[in-house]
Amino acid sequence: MQRLTINNVREQVVGIDARVPLLDGTYAPYINLDNAATAPALRPVFDKVNEFLRWYSSVERGSGFKSRLSTEAYNKAHRIVSEFVKADSERYTTIFVKNTTEAVNKLAHRLPLAKEDIVLRSLMEHHSNDLPWRFKADTKYIDVNAHGGLDLDHLDYLLKKFSDRIKLVAISGASNVTGCLNPIHEIAAQVHAIGAKIFVDAAQLVPHRKVEMGLPENPEHIDYLAFSAHKMYAPYGTGVLVGLRETFIQGDPDCVGGGTIELVTTGEIHWAHLPEKEEAGTPNAVGAVALAEAILSMQEIGMENIAAHETRLTAHLLQQLNKLDGVRIYGDADPESASHRLGVIPLTIDGVPHQLVAAILAFEGGIAVRNGCFCAHPYVLNLLHVSRDRIESYKNEVAQGSHEHLPGLVRVSFGCYNEEWEVDALVEQLRRIVRREYKGDYVQDKETGEFQPKGIFDDFERFFAL
Ligand SMILES: Cc1ncc(COP(=O)(O)O)c(C=O)c1O
């Protein structure tokens, strides 16, 4: 096959030629600007999965040829992932889980935390890197500044004030709301200086930037890292938790059963080696192969090429948006600093609910974005300066089954295959919305908060049916 590059990757995106129905009965190319949620699969991943399906069989249990082949493929997938983030196998274990959420929950269960220990996480965290810690330790938020960036002074202050109680700093490598990049290695050095450990939620970072665990003698190394395959051009439910072996060698796994043991008697359990000990049940070997192939594809394209391309798209979008009156950008809106953030851009249009903006983009432009609070409610409410009173009234509304007035943003997020014409198509649609030139007559479903054009019903079975 032709070598994958940043210039030809678009042709290698499965389903890139899909055309979707619009409000006026015509069809348009699908413009996917919702990559921060889930990115489409790459053709090499699709092909490798199909190739593997002929051979796949029970992993680590069977003596047959296919079983042995599958076991080798599954083990090799671990090695490819470890090498991708430069996790030395003497020091780290690479555990396959379902997704980032499961990885964080596993770590929260496996770290020996007492209720009075402190876990610091920031206000910008995805709920998946917030809620698991609340049940395990005393948690404190690191503030964000007026641009939604991490308040490093506040981090400094907390590290000094609670130096003897902080056991972990759990921080996202990049925000899934504002695309803000956190200086994870600098933070790691500060965290190690007080004898604590650092966990990086790299769900957003890994698909867009090179990430390395670092060497143990360097205080900037990362102790634990998690990410998800479905955000990096592989489908299927595979997530990764890379972590210090010492953490997982001690204690019992959080999920126990088949596949986790060496020997069980009626009274004793002898746990298996890592990572088997932490991968209970029959593993998702197909998903592991998909992730490994996606990583090889991204490496072929080059992480620096991916970063440079997405920076150009981000700068271009910010330049266009800055010229549009009535559009508000949250986080850093400066096109000049596009290389210091990810291509995740949140916005609102004055006077138009976020749910309606997203619906118009989909029904009149064939453009997919995400709207709402993106599983980061504390951060989005902060960015929108929502008062405590308003939050109380939203709580009451939600309790009564309505999502009609819930605040939120519209999020545009790029993948490495997006192109400038797609940005221009988005900007043109936003301009129409600002000028109230959209065509549809939209009605809101109060229960979900979503808007749908009157009289239009999705006929998905024409496109895909089970
Ligand atoms: C920063 C961040 N962390 C964690 C997650 C959770 O990932 P998953 O849904 O794959 O578990 C997401 C998903 O959007 C995310 O953006």
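This is a predicted model: local features need pLDDT of at least 70, side-chain atom pairs count only at pLDDT 80 or more; totals for chains, interfaces and linings use all residues.
## The ligand and its surroundings

In Thr101, an N or O atom of the side chain is 2.5 Å from a ligand oxygen. For Ser228, the distance between a polar side-chain atom and an oxygen atom of the ligand is 2.6 Å, and for His230 the corresponding distance is 2.7 Å. On its own the ligand has 390 Å² of accessible area, and the protein covers 89% of it.

## Strand E10 and its partners

Strand E10 comprises residues 239–244. It is largely enclosed by the rest of the structure, because 6 of its 6 residues are buried. Two strands that pair with E10 are described here, namely E4 and E9.

Strand E4, made of residues 92–97, is antiparallel to E10, and 6 bridges link the two. Within this pairing, Tyr92 has Leu244 of E10 as its bridge partner. Strand E9 spans residues 224–228 and also runs antiparallel to E10, to which it is joined by 5 bridges. Here Leu225 is placed opposite Val242 of E10. Ser228, whose side chain approaches the ligand, falls within the residue range of E9.

## The two faces of strand E4

In a regular strand, side chains alternate between the two faces of the sheet. In E4, Tyr92, Thr94 and Phe96 point one way, whereas Thr93, Ile95 and Val97 point the other way. Are these side chains on E4 buried or exposed? Residues pointing in either direction are all buried. With 6 of its 6 residues buried, E4 is therefore largely enclosed by the rest of the structure.

The side chain of Asn129 comes to 3.5 Å from the backbone oxygen of Ala170. Beyond neighbours within four places in sequence, Asn129 contacts Val104, Arg121, Ala170, Ile171, Ser172, Phe199 and Asp201.

Ser67 is part of helix H2, which covers residues 65–84. With a relative accessibility of 6%, Ser67 counts as buried. When residues up to four places away in sequence are set aside, Ser67 touches Ser57, Ser58 and Gly62. Between Ser67 and His230 there are 163 residues of separation in sequence, and their C-alpha atoms are 26 Å apart.

## An exposed residue: Lys454

Where in the chain is Lys454 placed? Lys454 is in the segment that follows strand E19 (451–453). Its relative accessibility is 52%, and Lys454 therefore counts as exposed, a class that requires a value over 50%.

Apart from neighbours within four places in sequence, Lys454 is in contact with Asp441 and Val443. Gly440 is 14 residues from Lys454 in sequence, with a C-alpha to C-alpha distance of 7.6 Å.

How values were computed: Residues are numbered from 1 along each chain as its sequence is written. Side-chain values use heavy atoms; hydrogens and water are left out. A polar contact is a pair of N or O atoms within 3.5 Å; within protein, one must be able to donate a hydrogen and the other to accept it, and residues adjacent in sequence count only if both atoms are side-chain atoms. Accessible areas come from the Shrake-Rupley method with a 1.4 Å probe; for residues, only the protein chains shown count as cover. Buried means under 20% relative accessible area, exposed over 50%, partly exposed in between (1.4 Å probe, protein chains only). Helices (H or I, at least four residues) and strands (E, at least two) are DSSP runs, numbered from the N terminus. Two strands pair if DSSP finds at least two bridges between them. Contact means heavy atoms within 4.5 Å.
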